[in-house]
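Please look over the sequence and the structure shown here before reading on. The notes that follow are meant for someone meeting this protein chain for the first time.

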Amino acid sequence: MAKRDLYKVLFPKQRKALTTFGEDLLLAMKRRGLTKQMICDRTGFDHKTINKVFAGDPSVAIGTYIKIMAVLGMEENFSKLAAHDEVGIKLQNIKLLGGSK
């Protein structure tokens, strides 16, 4: 495998999440009555890049995803992605309970 392709390797669950994310962005675009051409015009990205985003391609930079989200009026959703850290909270609670004994 070429060095350039290493970052494209995802586990199936991660791949599914990214594919679903791309599909969700595509649906959001359609719900707003926008076309891929309009997204291209408003972001400055070419059709190939836009198609990769809607396909959930892992080679697309995260900034590309957020710029498209901004055009769709969804950039606030981006800041919420890691805001609720269930695992971290549970680990912290275990540590706090263990430390109080």
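How many aromatic pairs does the count come to? In this predicted model, the count comes to one aromatic pair, and it is formed by F21 and Y65.

**The aromatic pair**
- The rings of F21 and Y65 form a tilted pair, with 5.6 Å from centre to centre and 35° between their planes.
- Because F21 lies in helix α1, which covers residues 12–31, and Y65 lies in helix α4, the pair ties together parts that are 44 residues apart in sequence.
- With a relative accessibility of 24%, F21 counts as partly exposed, whereas Y65, with a relative accessible area of 5%, is buried.

**Helix α3 against helix α4**
- In general, two packed helices are described by the angle between their axes together with the distance between those axes.
- Helix α3, made of residues 47–55, and helix α4, made of residues 62–71, pack at an angle of about 90°, and their axes are 11 Å apart.
- That angle makes α3 roughly perpendicular to α4, because angles of 65 to 115 degrees count as roughly perpendicular.
- On the α3 side the contact is made by T49, I50, K52, V53 and F54, which meet T64, Y65 and I68 on the α4 side.
- The residues of this contact of α3 with α4 divide into five nonpolar, two polar and one charged.

**T64 within helix α4**
- T64, which lies in helix α4, is buried, with a relative accessible area of 10%.
- When its neighbours within four places in sequence are left aside, T64 is in contact with F45, T49 and V53.

**A lysine over a ring**
- F45, which is one of the residues in contact with T64, also has K67 lying over the face of its ring, at 5.4 Å from the ring centre.

**Q14 and P58**
- Q14 is found in helix α1, and at 41% relative accessibility this residue counts as partly exposed.
- Although Q14 and P58 are 44 residues apart in sequence, they are 9.7 Å apart in space, taken from C-alpha to C-alpha.

Note on methods
Residues are numbered from 1 along each chain as its sequence is written. This is a predicted model: local features need pLDDT of at least 70, side-chain atom pairs count only at pLDDT 80 or more; totals for chains, interfaces and linings use all residues. Side-chain values use heavy atoms; hydrogens and water are left out. Axes are lines fitted to C-alpha atoms, for helices over the stretch in contact, and angles run from 0 to 180 degrees between N-to-C directions. Helices (H or I, at least four residues) and strands (E, at least two) are DSSP runs, numbered from the N terminus. Angles under 35 degrees count as roughly parallel, over 145 as roughly antiparallel, 65 to 115 as roughly perpendicular and the rest as oblique. Contact means heavy atoms within 4.5 Å. Ala, Val, Leu, Ile, Met, Phe, Trp, Tyr, Cys and Pro count as nonpolar, Asp, Glu, Lys and Arg as charged, and the others, Gly among them, as polar. Rings of Phe, Tyr and Trp (its six-membered ring) pair if their centres lie within 6.5 Å; planes under 30 degrees apart count as stacked, over 60 as edge-to-face and the rest as tilted. Buried means under 20% relative accessible area, exposed over 50%, partly exposed in between (1.4 Å probe, protein chains only). A charge sits over a ring if NZ of Lys or CZ of Arg is within 6 Å of the ring centre and within 35 degrees of the ring normal.
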